[in-house]
Amino acid sequence: MRVFHKNYLLYCILLILTLCITGCQKAPKRDKDTTDKVDLSSDKLVPVQEAKRQTLKLQGINMDGLQFPKMIMFPDVQEISEIKLTPWYTQNDNDLKKVIQSLWSDYDTVDWEKIQEQDFPNDNIPNYYGKEKSDKKTGKTYSYSSMGFFCGNSLGDEPEPSIDNCVKKYNFEWGEVASKQDKYALQDGELSVLDAVTYTEGLFNKHMRSFEKEKFTYKVQHLYVMKVPDQEYYSYSMVIGRLYNGMVVDTSSDFLLADGKSYPYTHCGNHIMATMCHKKTLDYVNTGFECFDIASTKAHKKIISPLWAVRKIKKEIAHIGGMSFQNCGLVYLLVQKNREAKDNVQGVYQCVDDTTCLRPVWVFMTGASGSAFDTSTDDIHGASVIVDALDGTLYYYEETGGY
């Protein structure tokens with residue numbers, strides 16, 4: 001695994017190319033004989049708790065070709081917020097090194113003072129710096145930038161695992177659970193999935209939380225049990241997500257359209273990656289993008305009704321002929337101005353700028369599109385419908401980036 005987003009950029013390019021070739025996902029045919037009759041009447045804006053009650057009416061139903069999952073995720077909150085983000089800049093390199101040392105288990109196994117540091121400048125970002133140190137003997141590397149990106153890597157040049165190596169996955173974000181009996185042998189012995197999750201969440205909530213000014217909490221939202229090729233042991237690949245006041249920041253990556261289509265805004269999830277090869281140690285940690293800093297928040301006690309949102313879906317994309325939603329819920333997404341909209345291009349998230357915020361949205365995600373790439377996780381979602389939970393704007397995306 002490498003740093004500074006090389007793999008992520010390649011993933012985006014491949015996904016966009018696939019969109020150009022395949023176009024829209026084929027939608028399932030309507031089954032009128034199994035249509036459930038549901039009263040969708042509701043005010044556009046309703047109190048948060050009323051919105052929660054309304055989601056119960058949608059769970060598991062098939063209504064005019066729209067199939068909903070048995071569970072629709074809704075946080076235990078009384079209000080939600082629109083959150084204005086500001087670029088994250090550290091005032092001290094030692095802050096970044098300290099959090100890397102706290103999360104990455106192998107930081108203290110190398111005498112970094114004897115290793116020359118490499119610089120990675122970026123002239124497009126004012127006052128930017130990126131730095132990396134790599135130990136040639138062990139292959140261990142750490143890197144960080146002024147934006148709050150950081151990575152600690154003990155995996156060296158080992159081949160990046162593919163989905164073919166995955167023997168079990170847990171999508172905690174969407175309600176899946178692990179049992180005490182779910183245990184796998186790591187390099188130094190057996191460890192249960194639950195213990196791995198507890199250790200990782202405890203580590204992040206102790207050290208990463210203070211680093212992001214006590215604004216977020218952290219949960220392992222997805223875990224993949226990866227068989228190490230030609231060995232008798234496994235590793236745990238984890239996707240770690242943020243929560244703001246108990247509500248999830250979705251861990252998907254970019255939401256994408258085919259060529260020739262665009263919206264004024266881009267939508268994106270966010271996650272941190274970690275790999276555990278040894279019991280209760282993290283052999284790899286990567287924030288993926290930057291850390292978050294909040295400029296301001298505005299609380300809302302009323303949100304767009306999920307019933308109203310479904311009426312809008314039925315009205316605005318009825319031509320699709322039906323959709324089977326695999327995962328639905330109320331989440332935060334990164335939203336920013338699409339600077340390529342003037343060219344009718346749907347851009348992708350480009351790190352926090354002066355237009356970036358976390359906005360609450362209703363997400364309605366279909367199942368896998370079949371366009372998965374050779375990555376460590378599979379593409380579990382295809383098309384997605386997003387309805388902004390504050391203003392009701394609908395966005396229909398033909399592809400949803402993986403975790």
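A residue counts as buried when its relative accessible area is under 20%, and N327, at 9% relative accessibility, therefore falls into the buried class. The model discussed here is predicted, and its protein chain averages a pLDDT of 86, with 86% of the residues scoring at least 70. The secondary structure of the protein chain comes to five helices and 25 strands, and buried residues make up 55% of its 403 residues.

**Overall picture and confidence**

- Among the contacts that join residues at least 6 apart in sequence, 71% link residues at least 24 apart.
- The accessible surface of the protein chain comes to about 18400 Å², and carbon and sulfur atoms account for 49% of that surface.
- Over residues 1-33 the pLDDT stays under 50, although the model has 73 contacts beyond four places in sequence for this stretch. Residues 370-376 also have a pLDDT below 50, and beyond near neighbours in sequence this second stretch has 18 contacts in the model.
- Where pLDDT is low, the predicted coordinates should not be read in detail.

- N327 is found in strand β21, which covers residues 323-337. Leaving aside residues up to four places away in sequence, N327 touches P69, W174, V363, F364, M365 and H381.
- V225 lies in strand β12, residues 217-227, and counts as buried because its relative accessibility is 0%. Its contacts, again not counting residues up to four places away in sequence, are with N165, C166, V167, K168, Y170, Y184, Y234, S235 and Y236. V225 and Y184 are 41 residues apart along the chain, while their C-alpha atoms are separated by 8.1 Å.
- Beyond residues up to four places away in sequence, S146 touches W88, Y89, T90, N127, Y128 and Y129.

**Aromatic rings and charges over them**

- A pair of aromatic rings is described by the distance of the centres and the angle of the planes.
- The count of aromatic pairs comes to 25. One of them joins Y395 and Y397, which are stacked at 6.5 Å centre to centre with 10 degrees between the planes; both Y395 and Y397 are buried.
- W104, Y107, W112, Y129, Y142 and Y144 form one aromatic cluster, and Y129, a member of that cluster, is also among the residues that S146 touches.
- The charged end of K168 sits over the ring of Y170, 5.4 Å from the ring centre; K168 and Y170 are both among the contacts of V225.
- R242 lies over the face of F292, at 4.4 Å from the ring centre.

**Cysteines**

- The structure holds zero disulfides.

**Loop positions and backbone angles**

- G175 lies in the loop between β9 (166-171) and β10 (183-186), and at 42% relative accessibility this glycine counts as partly exposed. The C-alpha atoms of G175 and M73 are separated by 7.9 Å, although the two residues are 102 residues apart along the chain.
- Most residues other than glycine have a negative phi.
- D230, which is not a glycine, has a positive phi of about 65 degrees. D230 is found in the loop between β12 and β13 (234-244), and its relative accessibility of 79% places it in the exposed class.
- K280 likewise is not a glycine and has a positive phi, of about 55 degrees. K280 is found in the loop between β17 (272-276) and β18 (284-286), where its relative accessibility of 44% makes it partly exposed.

Key:
Residues are numbered from 1 along each chain as its sequence is written. This is a predicted model: local features need pLDDT of at least 70, side-chain atom pairs count only at pLDDT 80 or more; totals for chains, interfaces and linings use all residues. Side-chain values use heavy atoms; hydrogens and water are left out. Rings of Phe, Tyr and Trp (its six-membered ring) pair if their centres lie within 6.5 Å; planes under 30 degrees apart count as stacked, over 60 as edge-to-face and the rest as tilted. Buried means under 20% relative accessible area, exposed over 50%, partly exposed in between (1.4 Å probe, protein chains only). A charge sits over a ring if NZ of Lys or CZ of Arg is within 6 Å of the ring centre and within 35 degrees of the ring normal. pLDDT is the predictor's confidence in each residue, from 0 to 100. Contact means heavy atoms within 4.5 Å. A disulfide is a pair of cysteine sulfur atoms within 2.5 Å. Helices (H or I, at least four residues) and strands (E, at least two) are DSSP runs, numbered from the N terminus. Accessible areas come from the Shrake-Rupley method with a 1.4 Å probe; for residues, only the protein chains shown count as cover.
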